[in-house]
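Open the model in your viewer and keep the selection tool at hand. Each stop below says what to select and what is there.

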There are 2 protein chains.
Amino acid sequence: MTQESVLLASPTPPVATFPLVEKLRPYLALSDAEVEFLGDLHGPRRKYARHREIIVAGRRCDHFFILCSGIVSRYKVLPDGKRQILDLGLPGDFIGYPSCLFDVAVNSVSSLTDVEISAVSFAQLFSLFARFPRIGAALFCASACELAIYNEHLVDLGRRSAYERLAHLILELMVRLRVAGLAEDLSFTLPLTQELIADVLGLSGPHINRMVRCLRDEGLATIEGHRVVIHDLASLSTLAGFDEHYLTRRPIPGLL
Amino acid sequence: MTQESVLLASPTPPVATFPLVEKLRPYLALSDAEVEFLGDLHGPRRKYARHREIIVAGRRCDHFFILCSGIVSRYKVLPDGKRQILDLGLPGDFIGYPSCLFDVAVNSVSSLTDVEISAVSFAQLFSLFARFPRIGAALFCASACELAIYNEHLVDLGRRSAYERLAHLILELMVRLRVAGLAEDLSFTLPLTQELIADVLGLSGPHINRMVRCLRDEGLATIEGHRVVIHDLASLSTLAGFDEHYLTRRPIPGLL
DNA sequence: CTGGCGCATTGATGAAGATCAATGCCCGGT
DNA sequence: ACCGGGCATTGATCTTCATCAATGCGCCAG
């Protein structure tokens with residue numbers, strides 16, 4: 001393949017530069033052509049400093065983006081100013097999905113850290129389904145995973161106590177950050193203030209503070225500054241009712 | 001096409017019998033071949049009476065299903081018995097998504113009414129992406145819509161009061177049932193007890209009862225038995241902060 | 001060195017909603 | 001007509017968490 005030799009000839013960027021490749025790999029064995037295509041899909045990169053609005057709910061969003069580095073939050077703000085964070089986006093996650101498929105963005109996205117994102121044009125995105133159907137199928141699976149995460153968040157907000165919610169959040173982020181290569185074994189950096197954690201969990205800032213203290217007093221975990229350390233994984237998991245299986249991707253049968 | 005003539009020769013079932021066709025139509029103009037394929041996709045139908053478990057969280061789920069008629073609830077039950085309903089499935093919606101893509105179902109699904117579902121084998125589902133890439137793209141968009149609905153549910157549970165939640169639920173269901181042809185202008189049948197509404201909204205049964213009374217006293221809407229009637233759409237929408245645009249599908253650019 | 005700002009921390013109070021328990025109603029079965 | 005079960009309804013009490021307000025700490029900019 002001539003293309004392949006070109007890739008080999010040029011100073012190949014580290015794989016982690018195309019996090020979407022890593023994201024889809026668990027679903028199917030990617031051919032060289034597919035890997036190359038996914039690399040090309042990562043269009044020109046834009047950088048945003050932390051705390052910038054990347055997508056604004058209610059405004060047109062005509063691009064689909066891939067988050068290449070950094071962390072973002074997807075959220076909605078109600079007329080009375082209350083905010084609900086829906087999810088955190090990690091490298092490899094999509095930005096502008098689902099918003100770009102509506103007339104107008106259905107939620108907002110902001111950078112929590114400095115971030116790099118790659119734009120994907122609609123033309124590229126939809127040509128993908130015709131040219132690389134296996135990748136199309138993998139995207140379908142990837143959005144299924146996203147759905148599973150949202151499901152769990154609904155259980156958090158609807159039926160878990162504040163204490164359980166916090167424990168669950170810590171564990172979910174531990175696993176997801178680990179997959180993204182952003183967490184050590186039992187600790188990670190979480191670019192959220194207590195106020196923002198409250199907005200993830202549907203609670204108030206001061207109450208988060210009390211729950212954080214409680215976790216520390218019980219010896220389960222500590223959150224100091226933006227550093228989270230898990231001290232007693234087993235107890236924390238029991239408390240949260242955490243079962244990480246909703247976060248584990250598996251190969252698509254018949255697509256290897 | 002021989003297939004087409006066969007279809008024409010046999011007593012063609014009414015279009016509504018293949019609700020997936022109707023579900024995807026807003027996204028793209030379907031060719032005859034695509035419509036035919038989608039019809040074939042609806043495999044053998046199974047019927048379930050009301051209040052049957054169709055998928056059980058934690059058990060293997062090796063099929064993807066299309067809900068042809070009736071209404072189902074997707075939910076999770078916590079170890080302590082608390083239940084959170086994640087969403088209601090209406091005709092045309094998927095069942096077993098995302099569960100069938102994991103080792104083991106990530107949530108349960110039960111019938112709320114008598115239902116009919118069509119099984120889709122993995123082979124069919126994934127061959128779809130290669131054979132009908134436009135349909136693959138449409139599925140991708142359909143799951144985006146699902147995601148948008150879940151987003152709104154998260155806002156409900158996280159940041160809206162009980163009263164607002166109930167109002168929002170009524171309005172969302174009104175729009176979605178209308179799309180499915182299951183609602184009149186300002187009223188519909190809702191196969192949920194107050195207890196189940198509570199499980200949708202993350203509240204307790206008795207509290208739902210109070211909120212229902214409140215809606216009636218304020219002249220906004222009544223829920224009697226399984227009949228919901230909206231009396232003051234404008235006030236109800238204002239109260240709920242309802243903006244139906246997250247429920248409206250639009251054609252995929254470049255896929256017509 | 002020194003404000004000042006953002007954030008964590010803490011306490012006091014209040015409101016929203018859970019829980020528990022009782023009662024009543026409707027409807028289907030016998 | 002008579003039960004019985006499921007559900008709606010209601011009230012009393014209690015918990016959880018929000019809200020409000022104050023204080024403190026650490027860090028960055030001048």
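How many residues of the surface near DNA strand C are nonpolar, how many polar and how many charged? Five are nonpolar, seven polar and two charged. (Ala, Val, Leu, Ile, Met, Phe, Trp, Tyr, Cys and Pro count as nonpolar, Asp, Glu, Lys and Arg as charged, and the others, Gly among them, as polar.)

Before going on, some ground rules. This is a predicted model, in which local features need pLDDT of at least 70, side-chain atom pairs count only at pLDDT 80 or more, and totals for chains, interfaces and linings use all residues. Residues are numbered from 1 along each chain as its sequence is written, while chains are lettered from A and ligands numbered from 1 in the order in which they are written.

**Stop 1: DNA strand C**

Select DNA strand C and the residues around it. There are 14 of them, and the closest are A:Gln194, B:Ala162, B:Leu203, B:Ser204 and B:His207. H7 (194–201) and H8 (205–217) of chain A each supply at least two residues, as does H8 (205–217) of chain B. H8(A) gives the most, with five residues. (Helices, H or I with at least four residues, and strands, E with at least two, are DSSP runs numbered from the N terminus.)

**Stop 2: DNA strand D**

Move to DNA strand D. The classes are five nonpolar, seven polar and two charged.

**Stop 3: where the chains meet**

Select the contact between the chains. Chain B puts in 48 residues and chain A 48 residues. (Residues are in contact if their C-beta atoms, placed from the backbone, lie within 7 Å.) On the side of chain B that touches chain A, H5(B) gives the most, with 20 residues. That side divides into 31 nonpolar, eleven polar and six charged residues.

Next, superpose the copies. A rotation of 180 degrees with 0.0 Å of shift along its axis puts chain B on chain A, at RMSD 0.0 Å. That is the relation of a two-fold axis.

**Stop 4: helix H4 of chain A**

Select residues 122–131 of chain A. A:Leu125, A:Phe126, A:Leu128 and A:Phe129 are buried. (Buried means 20 or more other C-beta atoms within 10 Å of the residue's own, exposed 12 or fewer, and partly exposed in between, with C-beta atoms placed from the backbone.) Look down the axis of H4(A): its buried residues fall within an arc of 130 degrees, so they line one face of the helix. (The arc is that of the directions from the helix axis to the C-beta atoms.) Their cover includes E3 (64–69), E8 (115–120) and H5 (133–159) of chain A, together with H5 (133–159) of chain B.

**Stop 5: A:Ile170**

Find A:Ile170 in helix H6 (residues 162–179) of chain A. Is A:Ile170 buried or exposed? A:Ile170 counts as buried, because it has 23 C-beta neighbours inside 10 Å. Beyond four places in sequence, A:Ile170 is in contact with A:Ala221, A:Val228, A:Ile230 and A:Leu236.

**Last stop: confidence**

Color chain A by pLDDT, the predictor's confidence in each residue, from 0 to 100. The average is 92, and 93% of the residues score at least 70. Select residues 1–15 of chain A, where pLDDT stays under 50. Where pLDDT is low, the predicted coordinates should not be read in detail.

Definitions and conventions:
Near = placed C-beta within 6 Å. Contact = placed C-beta atoms within 7 Å. Least-squares fit on C-alpha atoms with pLDDT ≥ 70 in both.
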